[in-house]
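Please go through the sequence and the structure shown here. The paragraphs that follow take one part at a time.

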Amino acid sequence: MYQLPVRQPDGSTLWSFERLAEHELGGLDASVPLTASLVVLWCGHRCLMVFNHYKRAWELPGGMLDPGESPREAAVRELAEESGQRADTLELAGVALTTVAPDNRREHLAIYRGRVESPQPFSPNDEMSDAVWWNPGDPLADLFPIDAALATLCR
């Protein structure tokens with residue numbers, strides 16, 4: 001299990017991870033925006049990590065909510081766009097409180113946990129150049145520490 005806070009080399013920090021039901025998202029502190037959804041997608045005991053060729057790092061699939069989009073809709077869209085995967089099951093695992101460097105913006109992230117029995121093959125796209133099914137605890141060079149922590153917290 002990860003000890004919080006978790007800091008990345010750029011100064012971004014994961015402060016907390018709170019398990020919530022989806023209907024509780026409306027009760028979050030309104031002064032800290034919910035900006036993005038991430039997906040911890042499992043196939044057996046391994047979770048999906050994608051390689052962001054702009055950031056030169058492995059990360060969980062996910063991204064910013066589009067205007068009018070729910071956190072769940074963003075999770076489904078981002079998972080498909082970045083990895084070509086569609087979860088067989090998908091549930092809200094919880095909400096992460098982060099600060100994003102370099103301007104130390106406080107943000108909430110919706111973290112979804114899903115499963116897939118038969119993964120689709122990965123095809124590189126504009127943002128992601130590779131994908132791997134990672135066993136938490138195994139070394140993976142250039143893996144963002146926050147993403148590794150969230151994957152472990154969502155086992």
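Helices (H or I, at least four residues) and strands (E, at least two) are DSSP runs, numbered from the N terminus. This is a predicted model, in which local features need pLDDT of at least 70 and side-chain atom pairs count only at pLDDT 80 or more, while totals for chains, interfaces and linings use all residues. Residues are numbered from 1 along each chain as its sequence is written, and side-chain values use heavy atoms, with hydrogens and water left out.

Start with helix 2, which spans residues 145-153 and contains Ala148. Burial is judged by relative accessible area: buried means under 20%, exposed over 50%, and partly exposed in between (1.4 Å probe, protein chains only). Helix 2 is largely enclosed by the rest of the structure, because 8 of its 9 residues are buried. Among them are Ile146, Asp147 and Leu153. Ala148 is also buried, at 4% relative accessibility. Apart from neighbours within four places in sequence, Ala148 is in contact (heavy atoms within 4.5 Å) with Tyr2, Trp134 and Leu143. Its C-alpha is 10.0 Å from that of Cys47, a residue 101 positions away in sequence.

Asp147 of helix 2 is buried and is one of the residues in contact with Glu59, whose other contacts include Met128 and Phe144. Glu59 belongs to strand 5 (residues 57-59) and is buried, with a relative accessible area of 7%. Its side chain makes a polar contact with the side chain of Asn52 at 3.2 Å. Such a contact is a pair of N or O atoms within 3.5 Å; within protein, one must be able to donate a hydrogen and the other to accept it, and residues adjacent in sequence count only if both atoms are side-chain atoms.

Now turn to strand 3 (residues 34-43), where 8 of 10 residues are buried. Two strands pair if DSSP finds at least two bridges between them. Strand 3 runs parallel to strand 8 (residues 105-115) over 8 bridges, with Leu41 bridged to Gly114. Its pairing with strand 6 (residues 62-64) is antiparallel, over 3 bridges, and that with strand 4 (residues 46-52) is antiparallel over 2 bridges. In strand 4, Cys47 stands opposite Trp42.

What about the cysteines? The whole structure has 0 disulfides, a disulfide being a pair of cysteine sulfur atoms within 2.5 Å. The sulfur of Cys43 is too far for a bond, because the closest cysteine sulfur, in Cys47, is 11 Å away. For Cys47, the nearest cysteine sulfur is that of Cys154, at 9.3 Å. Cys43 is partly exposed at 22% relative accessible area, whereas Cys47 is buried at 0%.
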